[in-house]
Amino acid sequence: MVEVKKLHKSFGGVEVLKGIDFSLEKGEIVSIIGPSGSGKSTFLRCLNYLEVPTKGSITIDDLRLEASNHKKKDIVVFRQKTSMVFQNYNLFKNKTALENITEALIIVKKIDKRLADKKGKEIIKKIGLEGKEGFYPNELSGGQQQRIGIGRAMALENKLILLDEPTSALDPELVGEVLDLIRLLVSENISMIIVTHEMKFAREVSDRVIFMEDGMIIECGTPNEILVSPKNKRIESFLGKSFSEHIV
Ligand SMILES: Nc1ncnc2c1ncn2[C@@H]1O[C@H](COP(=O)(O)OP(=O)(O)OP(=O)(O)O)[C@@H](O)[C@H]1O
Ligand SMILES: [Mg+2]
């Protein structure tokens, strides 16, 4: 469903992604872990062309985009294949919970407002925010805001959801409700790539875990191979010695 070949990204003269090869099957959940600055967010952003890669290709379904040769209209189509969930929610502050969910349906997917509202209300129910349709982001908790961020991605029904540290801006007591919502998406077989520091959660939900460092994928394996008994010393030191005892 997704195939990435020799993906490079530079900012100025600095190479931040140094040749990423990656693939994802339909329904697969892949978690990405790795130190700060290793290129995890840049990789996710390249996957939906929020950042334009410098070299390499990305294929999603039947559409292959070459960094060296792509058209603007391809990017528009490409973006509609993935939805992004951001660490800081990225909600429209002057729009209600419901409007945040329906906005892209109306503007991007050109769905009739009445239908979009109906769909938005179903999503609001699914994310456990019934009664909060008319609330603005500043009237909602961080966990509730992020559930709207995820609800917005769900409503679009794109093939792949990309989540960039969806819980790391949250107070610890709010993390659980967001992870529960992601578990619901997992149970619905939605393909996802999740950048996360929630190692227990990554172990629980992922089909595969990827460790990135210095713009490269250093290792890819099952959650147990990467998180519980990593062979690679760099992963072991990243996780911390006590971690494998912690996680089981
Ligand atoms: N727009 C940009 N302009 C210049 N440099 C950038 C830009 N975005 C990212 N970088 C650089 O690219 C490198 C990788 O950043 P990225 O945000 O992808 O790392 P990350 O693995 O997501 O880190 P974190 O865990 O802290 O979120 C960093 O050195 C960063 O400074
Ligand atoms: Mg990041």
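A polar contact here is a pair of N or O atoms within 3.5 Å; within protein, one atom must be able to donate a hydrogen and the other to accept it, and residues adjacent in sequence count only if both atoms are side-chain atoms. The model is predicted, with local features needing pLDDT of at least 70, side-chain atom pairs counting only at pLDDT 80 or more, and totals for chains, interfaces and linings using all residues. Residues are numbered from 1 along each chain as its sequence is written, chains are lettered from A and ligands numbered from 1 in the order in which they are written, and side-chain values use heavy atoms, with hydrogens and water left out.

**View 1. Polar contacts and the shell around ligand 1.** An oxygen atom of ligand 1 is 2.5 Å from a side-chain N or O atom of threonine 42. The backbone takes part too: an N or O atom of glycine 37 lies 2.8 Å from a ligand 1 oxygen, and a polar backbone atom of serine 38 is 3.2 Å from an oxygen of ligand 1. On its own, ligand 1 has 630 Å² of accessible area, of which the protein covers 56% (Shrake-Rupley method with a 1.4 Å probe; for residues, only the protein chains shown count as cover). Around the ligand stand Phe11, Val16, Pro35, Ser36, Gly37, Ser38, Gly39, Lys40, Ser41, Thr42 and Glu165, each with a heavy atom within 4 Å of it. Three of these shell residues are nonpolar, six polar and two charged (Ala, Val, Leu, Ile, Met, Phe, Trp, Tyr, Cys and Pro count as nonpolar, Asp, Glu, Lys and Arg as charged, and the others, Gly among them, as polar). Helix H1 (residues 40-47) gives the most to the shell, with three residues; helices (H or I, at least four residues) and strands (E, at least two) are DSSP runs numbered from the N terminus.

**View 2. Helix H3 and what covers it.** In H3 (residues 97-107), the buried residues are Ala97, Leu98, Asn100, Ile101, Thr102, Ala104 and Leu105. Buried means under 20% relative accessible area, exposed over 50%, and partly exposed in between (1.4 Å probe, protein chains only). Helix H4 (113-126) and helix H5 (142-156) are among the elements that cover these residues, where contact means heavy atoms within 4.5 Å.

**View 3. The largest nonpolar core.** A nonpolar core is a set of buried Ala, Val, Leu, Ile, Met, Phe, Trp, Tyr and Cys residues joined through side-chain atoms within 4.5 Å. Of the 36 residues in the largest one, Ile127, Ile148, Ile150, Ile161, Leu163, Ile182 and Met192 touch the most other members. At least two residues of this core come from each of H3, H4, H5, strand S7 (160-164), helix H6 (172-187), strand S8 (191-195) and helix H7 (199-205). H6 supplies the largest share, seven residues. A second, separate core of 28 residues includes Phe22, Phe43, Leu47 and Phe86.

**View 4. Isoleucine 161 and isoleucine 190.** Leaving aside residues up to four places away in sequence, isoleucine 161 touches Ser83, Val85, Ala153, Met154, Leu185, Ile190, Ser191, Met192 and Ile193. Isoleucine 190 sits in the loop between H6 and S8. Isoleucine 190 and isoleucine 29 are 161 residues apart in sequence, yet their C-alpha atoms are 8.0 Å apart.

View 5. Histidine 8 belongs to strand S1 (residues 2-11) and is buried, at a relative accessible area of 16%. Not counting residues up to four places away in sequence, histidine 8 touches Glu15, Leu17, Lys18, Gly19, Pro53, Thr54 and Lys55.

View 6. Tyrosine 89 lies in the loop between strand S6 (82-85) and H3. Tyrosine 89 has a positive phi of about 70 degrees although it is not a glycine, and counts as buried at 12% relative accessibility. Valine 52, in the loop between H1 and strand S4 (55-60), is partly exposed at 34%; beyond residues up to four places away in sequence, valine 52 touches Lys9 and His70. Serine 141, in the loop between H4 and H5, is partly exposed at 26% and, with the same exclusion, touches Leu174 and Glu177.
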